[in-house]
Amino acid sequence: MTTETATPRVAVITGASSGIGEATARALHAAGHIVVLLARRADRINTIATELGDRAIAIPADVTDRDSITAAAERVLAELGGADILINNAGIMLLGPFSAEQRDDYRQMIEVNLMGAITTAEVFLPQLRAADAGDIINISSVAGRTARAGNGVYAATKWGINGWSESLRQELLPQIRVTLIEPGVVDTELPHHTTHGQTKTAINDLYAKATVTADDIAEVIAFTLARPRHLAINEILLRPADQA
Ligand code: NDP
(Lines give C-alpha, C1' and ligand atoms only; values in the text may rest on other atoms or scores of the structure.)
Protein backbone atom coordinates (compact mmCIF):
# COMPACT_ATOMS: atom_id res chain seq x y z
CA MET A 1 0.00 0.00 0.00
CA THR A 2 1.19 3.54 -0.73
CA THR A 3 -0.05 4.82 2.60
CA GLU A 4 2.78 3.71 4.88
CA THR A 5 3.33 6.35 7.54
CA ALA A 6 6.50 7.43 9.27
CA THR A 7 4.75 8.70 12.38
CA PRO A 8 2.26 6.44 14.15
CA ARG A 9 -0.86 8.32 15.22
CA VAL A 10 -3.84 7.35 17.38
CA ALA A 11 -6.94 6.79 15.23
CA VAL A 12 -10.39 6.41 16.79
CA ILE A 13 -12.88 4.71 14.47
CA THR A 14 -16.60 4.55 15.25
CA GLY A 15 -18.61 1.66 13.81
CA ALA A 16 -15.46 -0.46 13.64
CA SER A 17 -17.24 -3.79 14.17
CA SER A 18 -18.03 -4.35 10.48
CA GLY A 19 -17.90 -2.94 6.95
CA ILE A 20 -16.05 0.31 6.24
CA GLY A 21 -15.13 0.93 9.90
CA GLU A 22 -13.56 -2.51 10.35
CA ALA A 23 -11.70 -2.23 7.03
CA THR A 24 -10.47 1.25 7.97
CA ALA A 25 -9.19 0.01 11.32
CA ARG A 26 -7.30 -2.76 9.52
CA ALA A 27 -5.89 -0.38 6.87
CA LEU A 28 -4.74 2.23 9.38
CA HIS A 29 -3.22 -0.46 11.57
CA ALA A 30 -1.36 -1.82 8.53
CA ALA A 31 -0.13 1.73 7.85
CA GLY A 32 1.47 1.79 11.29
CA HIS A 33 -1.13 3.69 13.31
CA ILE A 34 -2.55 2.84 16.73
CA VAL A 35 -6.24 2.05 16.23
CA VAL A 36 -9.12 2.36 18.69
CA LEU A 37 -12.20 0.42 17.62
CA LEU A 38 -15.55 1.71 18.89
CA ALA A 39 -18.93 -0.02 18.34
CA ARG A 40 -21.72 -1.60 20.34
CA ARG A 41 -20.91 -5.24 19.42
CA ALA A 42 -18.13 -5.81 21.93
CA ASP A 43 -17.48 -9.38 20.80
CA ARG A 44 -16.72 -8.26 17.24
CA ILE A 45 -14.38 -5.39 18.08
CA ASN A 46 -12.60 -7.48 20.72
CA THR A 47 -11.98 -10.23 18.15
CA ILE A 48 -10.67 -7.75 15.55
CA ALA A 49 -8.43 -5.98 18.08
CA THR A 50 -7.06 -9.30 19.33
CA GLU A 51 -6.36 -10.37 15.76
CA LEU A 52 -4.56 -7.08 15.03
CA GLY A 53 -2.53 -7.44 18.23
CA ASP A 54 -0.26 -4.60 19.33
CA ARG A 55 -1.46 -1.08 18.55
CA ALA A 56 -5.18 -2.01 18.60
CA ILE A 57 -7.72 -1.60 21.39
CA ALA A 58 -11.45 -2.20 21.43
CA ILE A 59 -13.80 -0.02 23.48
CA PRO A 60 -17.50 -0.90 23.39
CA ALA A 61 -19.44 2.35 22.91
CA ASP A 62 -22.73 3.64 21.57
CA VAL A 63 -22.54 6.95 19.67
CA THR A 64 -26.08 7.82 20.80
CA ASP A 65 -24.97 7.64 24.44
CA ARG A 66 -22.79 10.63 25.34
CA ASP A 67 -21.64 9.02 28.59
CA SER A 68 -20.28 5.98 26.77
CA ILE A 69 -18.40 8.17 24.26
CA THR A 70 -17.04 10.28 27.12
CA ALA A 71 -15.86 7.12 28.92
CA ALA A 72 -14.18 5.94 25.70
CA ALA A 73 -12.43 9.29 25.28
CA GLU A 74 -11.20 9.17 28.89
CA ARG A 75 -9.71 5.73 28.24
CA VAL A 76 -8.03 6.91 25.02
CA LEU A 77 -6.51 9.84 26.92
CA ALA A 78 -5.35 7.72 29.86
CA GLU A 79 -3.99 4.77 27.87
CA LEU A 80 -2.79 6.38 24.63
CA GLY A 81 -2.32 10.06 25.46
CA GLY A 82 -5.25 11.17 23.28
CA ALA A 83 -6.62 10.83 19.75
CA ASP A 84 -5.00 12.36 16.66
CA ILE A 85 -7.55 11.07 14.16
CA LEU A 86 -11.31 10.62 14.49
CA ILE A 87 -13.22 8.64 11.86
CA ASN A 88 -16.94 9.32 12.25
CA ASN A 89 -18.21 6.24 10.46
CA ALA A 90 -20.98 4.66 12.59
CA GLY A 91 -24.24 4.69 10.67
CA ILE A 92 -27.49 2.92 9.91
CA MET A 93 -29.70 2.98 6.81
CA LEU A 94 -33.37 2.14 7.34
CA LEU A 95 -35.09 2.86 4.04
CA GLY A 96 -38.72 3.02 2.95
CA PRO A 97 -41.23 5.44 1.46
CA PHE A 98 -42.03 8.44 3.65
CA SER A 99 -45.71 7.47 3.55
CA ALA A 100 -44.82 4.26 5.42
CA GLU A 101 -44.36 6.46 8.55
CA GLN A 102 -41.34 4.60 9.96
CA ARG A 103 -41.02 7.16 12.74
CA ASP A 104 -38.76 5.11 14.99
CA ASP A 105 -36.40 4.45 12.05
CA TYR A 106 -36.23 8.19 11.24
CA ARG A 107 -35.36 9.04 14.83
CA GLN A 108 -32.72 6.29 15.07
CA MET A 109 -31.01 7.39 11.83
CA ILE A 110 -30.87 11.00 12.97
CA GLU A 111 -29.53 9.99 16.39
CA VAL A 112 -26.85 7.62 15.06
CA ASN A 113 -25.79 9.13 11.72
CA LEU A 114 -26.01 12.82 12.56
CA MET A 115 -26.12 13.37 16.31
CA GLY A 116 -23.75 10.44 16.91
CA ALA A 117 -21.08 12.01 14.71
CA ILE A 118 -21.59 15.47 16.22
CA THR A 119 -21.42 14.14 19.80
CA THR A 120 -18.31 12.06 19.12
CA ALA A 121 -16.52 15.00 17.49
CA GLU A 122 -17.48 17.29 20.36
CA VAL A 123 -16.21 14.83 22.98
CA PHE A 124 -12.91 14.11 21.19
CA LEU A 125 -12.24 17.69 20.05
CA PRO A 126 -10.07 18.69 23.03
CA GLN A 127 -7.79 15.69 22.31
CA LEU A 128 -7.63 16.49 18.59
CA ARG A 129 -6.80 20.12 19.41
CA ALA A 130 -4.04 18.99 21.77
CA ALA A 131 -2.55 16.77 19.05
CA ASP A 132 0.27 18.19 16.94
CA ALA A 133 -1.82 17.51 13.89
CA GLY A 134 -5.42 16.33 13.93
CA ASP A 135 -7.78 14.83 11.39
CA ILE A 136 -11.53 14.27 11.34
CA ILE A 137 -12.94 12.05 8.61
CA ASN A 138 -16.72 12.14 8.29
CA ILE A 139 -18.33 9.30 6.35
CA SER A 140 -21.25 10.68 4.39
CA SER A 141 -22.69 9.14 1.20
CA VAL A 142 -23.72 9.79 -2.37
CA ALA A 143 -27.09 10.17 -0.59
CA GLY A 144 -25.65 13.35 0.94
CA ARG A 145 -25.52 14.80 -2.57
CA THR A 146 -28.44 13.15 -4.37
CA ALA A 147 -31.65 12.19 -2.57
CA ARG A 148 -34.01 9.62 -4.05
CA ALA A 149 -37.60 8.56 -3.37
CA GLY A 150 -37.47 6.14 -0.44
CA ASN A 151 -34.27 7.36 1.21
CA GLY A 152 -35.40 10.81 2.41
CA VAL A 153 -34.45 10.72 6.08
CA TYR A 154 -31.23 8.74 5.48
CA ALA A 155 -30.33 11.36 2.85
CA ALA A 156 -31.26 14.13 5.29
CA THR A 157 -28.77 12.77 7.84
CA LYS A 158 -26.02 12.69 5.21
CA TRP A 159 -26.87 16.18 3.87
CA GLY A 160 -26.62 17.25 7.49
CA ILE A 161 -23.17 15.66 7.79
CA ASN A 162 -22.03 17.47 4.64
CA GLY A 163 -23.11 20.91 5.86
CA TRP A 164 -21.74 20.41 9.37
CA SER A 165 -18.49 19.02 7.99
CA GLU A 166 -17.79 22.08 5.82
CA SER A 167 -18.50 24.40 8.73
CA LEU A 168 -16.18 22.37 10.95
CA ARG A 169 -13.46 22.39 8.28
CA GLN A 170 -13.43 26.19 8.15
CA GLU A 171 -13.49 26.53 11.94
CA LEU A 172 -10.73 24.02 12.71
CA LEU A 173 -8.20 24.69 9.93
CA PRO A 174 -5.25 24.51 9.68
CA GLN A 175 -4.46 22.44 12.76
CA ILE A 176 -7.24 19.91 12.25
CA ARG A 177 -8.08 18.77 8.72
CA VAL A 178 -11.71 17.78 8.10
CA THR A 179 -12.49 15.43 5.23
CA LEU A 180 -15.83 14.28 3.89
CA ILE A 181 -15.99 10.85 2.23
CA GLU A 182 -19.11 10.15 0.14
CA PRO A 183 -19.27 6.53 -1.08
CA GLY A 184 -21.84 5.02 -3.40
CA VAL A 185 -22.89 1.38 -3.01
CA VAL A 186 -20.36 -0.57 -0.93
CA ASP A 187 -20.68 -4.27 -0.10
CA THR A 188 -21.32 -4.24 3.69
CA GLU A 189 -24.02 -5.14 6.23
CA LEU A 190 -25.61 -1.68 5.85
CA PRO A 191 -28.69 -2.71 3.79
CA HIS A 192 -29.55 -5.67 6.03
CA HIS A 193 -31.34 -3.61 8.66
CA THR A 194 -34.01 -2.16 6.34
CA THR A 195 -37.34 -3.76 7.25
CA HIS A 196 -39.82 -2.20 4.78
CA GLY A 197 -40.88 -5.17 2.58
CA GLN A 198 -40.63 -3.91 -1.03
CA THR A 199 -37.69 -1.65 -0.21
CA LYS A 200 -35.82 -4.50 1.46
CA THR A 201 -36.09 -6.63 -1.70
CA ALA A 202 -34.97 -3.78 -3.97
CA ILE A 203 -32.04 -2.78 -1.75
CA ASN A 204 -30.87 -6.39 -1.32
CA ASP A 205 -30.93 -6.82 -5.12
CA LEU A 206 -28.89 -3.63 -5.53
CA TYR A 207 -26.32 -4.64 -2.89
CA ALA A 208 -26.06 -8.20 -4.23
CA LYS A 209 -24.39 -6.65 -7.30
CA ALA A 210 -22.07 -4.37 -5.30
CA THR A 211 -18.55 -4.29 -6.71
CA VAL A 212 -16.91 -1.80 -4.37
CA THR A 213 -15.65 -3.30 -1.11
CA ALA A 214 -15.09 -1.79 2.31
CA ASP A 215 -11.36 -2.29 1.70
CA ASP A 216 -11.59 0.00 -1.36
CA ILE A 217 -12.99 2.80 0.82
CA ALA A 218 -10.52 2.12 3.63
CA GLU A 219 -7.61 2.46 1.22
CA VAL A 220 -8.91 5.88 0.12
CA ILE A 221 -9.20 6.96 3.77
CA ALA A 222 -5.66 5.77 4.53
CA PHE A 223 -4.36 7.61 1.45
CA THR A 224 -6.16 10.80 2.51
CA LEU A 225 -4.67 10.68 6.00
CA ALA A 226 -1.17 10.05 4.66
CA ARG A 227 -1.03 13.32 2.67
CA PRO A 228 1.52 15.86 3.93
CA ARG A 229 0.09 18.39 6.39
CA HIS A 230 0.12 21.29 3.92
CA LEU A 231 -2.42 19.39 1.80
CA ALA A 232 -6.01 18.81 2.97
CA ILE A 233 -8.30 16.60 0.91
CA ASN A 234 -11.65 18.20 1.73
CA GLU A 235 -14.11 15.93 -0.01
CA ILE A 236 -14.16 12.66 -1.97
CA LEU A 237 -17.22 11.42 -3.86
CA LEU A 238 -16.70 7.87 -5.07
CA ARG A 239 -18.99 5.35 -6.71
CA PRO A 240 -18.74 1.90 -8.28
CA ALA A 241 -17.76 2.50 -11.91
CA ASP A 242 -21.16 1.18 -13.04
CA GLN A 243 -23.35 3.15 -10.58
CA ALA A 244 -25.61 5.69 -12.33
P1 NDP B 1 -22.13 -1.62 8.47
O2 NDP B 1 -23.55 -1.91 8.84
O3 NDP B 1 -21.24 -2.76 8.11
O4 NDP B 1 -21.41 -0.79 9.61
C5 NDP B 1 -22.08 0.14 10.41
C6 NDP B 1 -21.30 0.29 11.70
O7 NDP B 1 -21.96 1.29 12.49
C8 NDP B 1 -21.24 -0.98 12.51
O9 NDP B 1 -19.92 -1.18 12.95
C10 NDP B 1 -22.14 -0.70 13.69
O11 NDP B 1 -21.63 -1.34 14.85
C12 NDP B 1 -22.00 0.81 13.82
N13 NDP B 1 -23.09 1.41 14.58
C14 NDP B 1 -24.41 1.43 14.29
N15 NDP B 1 -25.09 2.05 15.27
C16 NDP B 1 -24.16 2.42 16.19
C17 NDP B 1 -24.25 3.09 17.45
N18 NDP B 1 -25.42 3.51 17.96
N19 NDP B 1 -23.10 3.31 18.13
C20 NDP B 1 -21.90 2.88 17.64
N21 NDP B 1 -21.77 2.25 16.47
C22 NDP B 1 -22.89 2.02 15.76
O23 NDP B 1 -22.23 -0.58 7.25
P24 NDP B 1 -21.13 0.31 6.48
O25 NDP B 1 -19.76 -0.10 6.81
O26 NDP B 1 -21.56 0.33 5.09
O27 NDP B 1 -21.45 1.75 7.10
C28 NDP B 1 -20.45 2.62 7.59
C29 NDP B 1 -20.80 4.04 7.18
O30 NDP B 1 -20.71 4.15 5.76
C31 NDP B 1 -22.21 4.50 7.55
O32 NDP B 1 -22.16 5.82 8.04
C33 NDP B 1 -22.94 4.47 6.21
O34 NDP B 1 -24.01 5.37 6.17
C35 NDP B 1 -21.81 4.85 5.28
N36 NDP B 1 -22.03 4.51 3.89
C37 NDP B 1 -22.16 3.19 3.50
C38 NDP B 1 -22.42 2.89 2.18
C39 NDP B 1 -22.66 1.50 1.71
O40 NDP B 1 -23.16 1.32 0.57
N41 NDP B 1 -22.33 0.47 2.47
C42 NDP B 1 -22.51 3.94 1.15
C43 NDP B 1 -22.33 5.27 1.67
C44 NDP B 1 -22.09 5.53 2.98
P45 NDP B 1 -22.50 -1.97 16.05
O46 NDP B 1 -23.78 -2.48 15.46
O47 NDP B 1 -21.60 -3.06 16.56
O48 NDP B 1 -22.67 -0.86 17.04
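User: In which helix does threonine 224 lie?

Analyst: Threonine 224 lies in helix 7, residues 214-225. Helices here are DSSP runs of H or I with at least four residues, strands are runs of E with at least two, and both are numbered from the N terminus. Before we go on, this is a predicted model, in which local features need pLDDT of at least 70, side-chain atom pairs count only at pLDDT 80 or more, and totals for chains, interfaces and linings use all residues. Residues are numbered from 1 along each chain as its sequence is written, and side-chain values use heavy atoms, leaving out hydrogens and water.

User: Why does threonine 224 count as buried?

Analyst: Its relative accessibility is 4%. Buried means under 20% relative accessible area, exposed means over 50%, and partly exposed is in between, using a 1.4 Å probe and protein chains only. So threonine 224, at 4%, counts as buried.

User: Which residues does threonine 224 touch, not counting residues up to four places away in sequence?

Analyst: They are Ile137, Arg177, Thr179, Ile181, Ile233 and Ile236. Touching, or contact, means heavy atoms within 4.5 Å. The side chain of threonine 224 also reaches the backbone oxygen of valine 220, at 2.8 Å.

User: What makes histidine 196 partly exposed?

Analyst: Histidine 196 has 22% relative accessibility, so it counts as partly exposed. You can find histidine 196 in the loop between strand 6 (176-183) and helix 6 (197-208). Not counting residues up to four places away in sequence, histidine 196 touches Leu95, Gly96, Pro97, Ala100 and Gln102.

User: What joins the side chains of histidine 196 and threonine 199?

Analyst: A polar contact of 2.7 Å joins them. The term covers a pair of N or O atoms within 3.5 Å; within protein, one must be able to donate a hydrogen and the other to accept it, and residues adjacent in sequence count only if both atoms are side-chain atoms.

User: Why does alanine 156 count as partly exposed?

Analyst: Alanine 156 has 46% relative accessibility, so it counts as partly exposed. Alanine 156 is in helix 5, residues 152-172.

User: How do you describe two packed helices?

Analyst: By the angle between their axes and the distance between the axes. Axes are lines fitted to C-alpha atoms, for helices over the stretch in contact, and angles run from 0 to 180 degrees between N-to-C directions. Here, the axes of helix 1 (residues 19-30) and helix 2 (residues 42-52) come within 11 Å and cross at roughly 20°. That makes helix 1 roughly parallel to helix 2. Angles under 35 degrees count as roughly parallel, over 145 as roughly antiparallel, 65 to 115 as roughly perpendicular, and the rest as oblique.

User: Which residues make the contact of helix 1 and helix 2?

Analyst: Glu22, Ala25, Arg26 and His29 come from helix 1, and Ile48, Glu51 and Leu52 from helix 2. They divide into three nonpolar, one polar and three charged. Ala, Val, Leu, Ile, Met, Phe, Trp, Tyr, Cys and Pro count as nonpolar, Asp, Glu, Lys and Arg as charged, and the others, Gly among them, as polar.

User: Why are helix 1 and helix 7 called oblique to each other?

Analyst: Their axes come within 8 Å and cross at roughly 50°. Helix 1 and helix 7 are therefore oblique. By class, their contact has ten nonpolar, two polar and one charged residues.

User: What makes helix 3 and helix 4 roughly parallel to each other?

Analyst: The axes of helix 3 (residues 66-80) and helix 4 cross at roughly 25° and come within 10 Å. Helix 3 and helix 4 are therefore roughly parallel.

User: What is the phi of arginine 55?

Analyst: Arginine 55 has a positive phi of about 70° although it is not a glycine. Most residues other than glycine have a negative phi, and most peptide bonds are trans. Arginine 55 sits in the loop between helix 2 and strand 3 (56-60). Glutamate 101, also not a glycine, has a positive phi of about 55°.

User: How do you know that the peptide bond from leucine 173 to proline 174 is cis?

Analyst: Its omega is near 0°. Proline 174 lies in the loop between helix 5 and strand 6.
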